[in-house]
Amino acid sequence: MRMMFAAVALLGLAGLASTQDKQEKQDKQEKKAATIKVLVPDDNYQEPVVSIEGVKMKTTGATRTFQTPPLEPGKTYVYKIEALIEPNNYTKITRTKEVTFKAGDEVTVDLTKEDKKNDKIVVRWVPTPDDIVDKMAELAKITKDDVIFDPGCGDAIMLIRPVKKIGAKKGVGIDIDPAMVKKAQEKAKEEGVADKVVIKQGDVLNEKDMADAADATVVLVYMGDDLGARMSPVLQKLLKPGARVVSHRFMLGDWKPDKTVKVMGEDGDEYTLHLWVVKEKK
């Protein structure tokens with residue numbers, strides 16, 4: 001009898017193991033990977049770097065394909081896709097999207113289009129030569145009555161020179177980099193204009209940080225096209241009629257300049273300057 005019970009028990013265990021194996025195989029068969037296609041701009045200074053859930057993709061090109069590990073059926077998954085895009089050698093754009101999908105899905109994430117709300121843009125600081133700053137001040141017709149604003153001011157040369165050479169009433173600049181803010185403040189002290197030149201840390205895409213533009217009669221700016229386009233509506237909203245804006249090289253989105261001139265620098269290079277005069281609000 002004992003041998004019979006033992007045999008029955010062994011058969012039962014074998015049957016249970018067999019059932020578990022079948023269930024595991026069935027579960028494994030039901031799991032399916034999902035396919036994510038990521039589209040990125042293909043006309044960049046550098047090849048875009050794409051990360052999925054914080055892991056960099058090894059593939060390159062305008063279309064990147066990623067296959068997930070086998071996923072549980074019926075569940076919904078959310079992945080974060082991030083692309084670092086460099087359209088030129090001075091601008092870096094971080095563009096992020098979340099994609100929702102299920103096991104077996106094929107989804108496409110389009111990161112080729114500008115996202116004005118969520119794109120994070122950083123522009124590398126490049127100094128404008130002193131003589132070109134003077135030409136910008138001349139184009140803006142700066143006088144002793146003017147208050148100058150410089151968004152993304154860098155070392156604040158566009159504020160310091162008009163205040164020191166022309167005697168402009170005041171200069172206010174903002175920069176997102178605290179190290180650059182400190183450098184600009186120190187330079188203003190060295191040039192003896194710290195009492196008339198104010199430098200603050202701020203983001204040109206944050207309207208609160210741009211509030212000083214409302215009191216400016218002149219804006220001098222040297223900023224990439226991407227960031228300039230994003231900042232343009234804020235400037236147009238804050239500036240009063242008659243205020244003048246002069247940009248070194250770059251445009252301000254679809255806001256058409258009233259005048260564009262080319263000037264020759266002391267270094268022998270040709271520079272393009274754009275002038276806008278703020279019109280009466282309609």
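Leaving aside its neighbours within four places in sequence, Arg244 is in contact with Ala140, Lys141, Ile142, Asp146, Thr217, Val218, Val219, Leu275, Trp276 and Val277, where contact means heavy atoms within 4.5 Å. I start with this residue, and will come back to it after a word on the model.

What you see above is a predicted model, in which local features need pLDDT of at least 70 and side-chain atom pairs count only at pLDDT 80 or more, while totals for chains, interfaces and linings use all residues. Residues are numbered from 1 along each chain as its sequence is written, and side-chain values use heavy atoms, with hydrogens and water left out.

The secondary structure of the protein chain comes to 5 helices and 15 strands; helices here are DSSP runs of H or I with at least four residues, strands are runs of E with at least two, and both are numbered from the N terminus. Of the 282 residues of the protein chain, 40% count as buried, a word that stands for under 20% relative accessible area, with exposed for over 50% and partly exposed for in between, using a 1.4 Å probe and protein chains only. If we take the contacts in the protein chain with a separation of 6 or more, residues 24 or more positions apart account for 67% of them.

Now back to Arg244, which lies in strand β13, residues 244-248. Is Arg244 buried or exposed? With a relative accessibility of 17%, Arg244 counts as buried. Its side chain reaches the backbone oxygen of Ala140 at 2.9 Å, and this is a polar contact, that is, a pair of N or O atoms within 3.5 Å, where within protein one must be able to donate a hydrogen and the other to accept it, and residues adjacent in sequence count only if both atoms are side-chain atoms.

Ala140 takes us to helix α2, where Asp131, Ile132, Val133, Met136, Ala137, Leu139 and Ala140 are buried. These buried residues pack against α3, β12 (218-221), β13, β14 (259-264) and β15 (270-277).

How do α2 and α3 meet? The axes of α2 (residues 130-140) and α3 (residues 157-166) come within 10 Å and cross at roughly 70°; the axes are lines fitted to C-alpha atoms, for helices over the stretch in contact, and angles run from 0 to 180 degrees between N-to-C directions. That angle makes α2 roughly perpendicular to α3, given that 65 to 115 degrees counts as roughly perpendicular, under 35 as roughly parallel, over 145 as roughly antiparallel and the rest as oblique. On the α2 side the contact is made by Asp130, Val133, Asp134, Met136 and Ala137, and on the α3 side by Ile157, Met158, Arg161, Pro162, Lys165 and Ile166. These residues divide into 7 nonpolar, no polar and 4 charged, where Ala, Val, Leu, Ile, Met, Phe, Trp, Tyr, Cys and Pro count as nonpolar, Asp, Glu, Lys and Arg as charged, and the others, Gly among them, as polar.

Helix α3 itself has 7 of its 10 residues buried, so it is largely enclosed by the rest of the structure. The buried ones are Ile157, Met158, Leu159, Ile160, Arg161, Pro162 and Val163, and what covers them includes α2, β9 (147-151), β10 (170-175), α4 (178-190), β11 (197-201) and β12.

In α4 we find Met180, which is buried, with a relative accessible area of 13%. In α5, residues 225-238, sits Ser232, which is buried at a relative accessible area of 2%. The side chain of Ser232 reaches the backbone oxygen of Leu252 at 3.1 Å, and beyond four places in sequence Ser232 touches Leu252 and Trp255.

Finally, a word on backbone angles. Most residues other than glycine have a negative phi. Which value does phi of Lys141 take? Phi of Lys141 is near 55°, a positive value, and Lys141, in the loop between α2 and β9, is exposed, with a relative accessible area of 65%. Arg249 also has a positive phi, near 80°; Arg249 is found in the loop between β13 and β14 and counts as partly exposed at 45% relative accessibility. Just after α3, Gly167 takes a positive phi of about 85°.
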